[in-house]
Amino acid sequence: MQASCHEIFCSPRIFCIDNQHGSVFHVFMRRDRSPISTGAHGFEAWNARPSRGILVAAAALLLSLLTTGCLSPLAKHAAAFSAATATVIDGSEDAYRAAMQLRLQEQAAASVYAYDKNPQWSPYKDPVPLLTPDQLNARIKVLDALKAYADTLVDLTSGKPSKDLEANAQAVGTNLQGLNQSLATNLSTAVPNLPVMSTANANAASTAVLALAEYLISRKVKAALPKVAQDMNTTVTTLCELLNSDITILRRQADVDYQTLIEEENQSIQHEGTAVSPYERRLEIGNLLVLAAQQKANDDMLAKLQTALHTLAMTHQALAAAAQGNNPESIAQKIAELQAAGKDLGNYYKVLQGTNQFTPTN
Amino acid sequence: MGTPTSPVLQNPDPAASYQAVYDALGIAYWDAPAGPNKDLIAQSQKAIADILTQLDAQGLTSNTALFLQLAPKINAVNASLKTIQDQIANITKDAGTAATVISAISKVLSLFPPLV
């Protein structure tokens, strides 16, 4: 592949594939035919002997098997790790946003009571957010970087050739076929009945190039991945611990915000007397139930998120070990736990979304 | 039996201690009948809620600094993954080079005059 044009055209190894197989297709051993026809002869022989095509296809298949065999278990783990990581990270980002939204909601409700009691109350005094935009961004950036890391692991271990690689490999076969066809046309008078390379053989050439490139890629990934995963392991563990610490704070703050919201609304109901209609009163009391259900679902979801974060750290550790060929049983178990944690988390989001409304019956 | 230790002294995490008091007052609030006592509990809870919110905001601010420290580490690993991806792109390009070389051979060979 890397040979220069000079080597290709000037070296007697021009069709060394024939040489190595002991056939007498070598340019300098077949002076009774022109170099061009000898050049074409390589393909002629290829065409004439189906075993050559079969050999190429077999070699390609073997290379493919080697390639996929090297990476497929790791690829599966990386894909499962990435999917579960995405769920956990999306969950974490949603948790931050939900906590901030809740805080604003609580501050809006608190303003209603402050309006009567605090003479300095003003709508121009900004409510204090739980996290400033910069603080939230610092978290989102790190989380997104971790997601990008997990996605890249999938790309590297998937063993799927890129579209570019497939196109390039296909071009090899097409060019080989094109070469043979043009020779057959151009030299039809000089060399009658020059056979044209079959599509099957052109495809076999493409497959061989593709398999070789895949093999090289697989070797590159296998050599590099253990170090990358190992380097990242401490960072992932630290990040998960840090997120856990954040979630502990968010859980506590959500508990305070929900309780305050509920009690402030309850105080309002108790003190408003007959100022509201019975229907409005039922709506207000119903809203207390909605808030209490949201509080419980939110806390359960954050607890699940903490479990998932712990499992994520453990799974990455197992993935790093698996990349080095250690303890394959452990990674399978951890992946299953992480997937279960991710699924659990997804279910709680649905529960949370279903606790937003209360419709009083008349 | 000595004097019971304050929850704040038992638990080194002040936020956790305040939360315990806050939650206990929450139970008391719903147990109390409507009236001045209930209002008083609500006011006390609100005062503790303000302290807790401040402590939580401080905790999140401290964590932000740690998050910022982690970012370069993750970015460095992602950069090394990018290097691997670039190397893989080179392998892909080499397959493309093969296609180009073969195409060039094809063109040159088609110009060769047949040798007699």
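Residues are numbered from 1 along each chain as its sequence is written, while chains are lettered from A and ligands numbered from 1 in the order in which they are written. Because the model is predicted, local features need pLDDT of at least 70 and side-chain atom pairs count only at pLDDT 80 or more, whereas totals for chains, interfaces and linings use all residues.

**Confidence and chain B**

The predictor assigns the complex an ipTM of 0.72 and a pTM of 0.67. In terms of pLDDT, the predictor's confidence in each residue from 0 to 100, chain B averages 82, with 78% of its residues scoring at least 70. Helices (H or I, at least four residues) and strands (E, at least two) are DSSP runs, numbered from the N terminus; on that basis chain B has 3 helices and 0 strands, in the order α-α-α.

| Helix of chain B | Residues | Mean pLDDT |
|---|---|---|
| α1(B), lowest | residues 7-10 | 56 |
| α2(B), highest | residues 14-31 | 93 |

Where pLDDT is low, the predicted coordinates should not be read in detail.

A residue is buried if 20 or more other C-beta atoms, placed from the backbone, lie within 10 Å of its own, exposed if 12 or fewer, and partly exposed in between; of the 116 residues of chain B, 22% count as buried. Taking contacts as pairs with C-beta atoms, placed from the backbone, within 7 Å, 42% of those in chain B between residues at least 6 apart in sequence join residues at least 24 apart.

**A helix and a lysine of chain A**

Helix α8 (residues 278-323) of chain A has 46 residues and reaches 66 Å from its first C-alpha to its last, close to the expected 68 Å, a span defined as 1.5 Å times one less than the number of residues. This helix is followed by A:Gly325, whose phi is positive, near 85°. A:Lys227, in helix α7 (residues 199-272) of chain A, counts as partly exposed because it has 14 C-beta neighbours inside 10 Å, and its C-alpha is separated by 8.4 Å from that of A:Gln324, 97 residues apart along the chain.

**Nonpolar cores**

A nonpolar core is a set of buried Ala, Val, Leu, Ile, Met, Phe, Trp, Tyr and Cys residues joined through C-beta atoms within 7 Å. The largest has 77 residues, and A:Phe81, A:Val142, A:Leu146 and A:Tyr149 have the most contacts inside it. Among the elements that each supply at least two residues are α7(A), α8(A) and α3 (36-111) of chain B, with α7(A) giving the most, 23 residues.

Notes
Contact = placed C-beta atoms within 7 Å.
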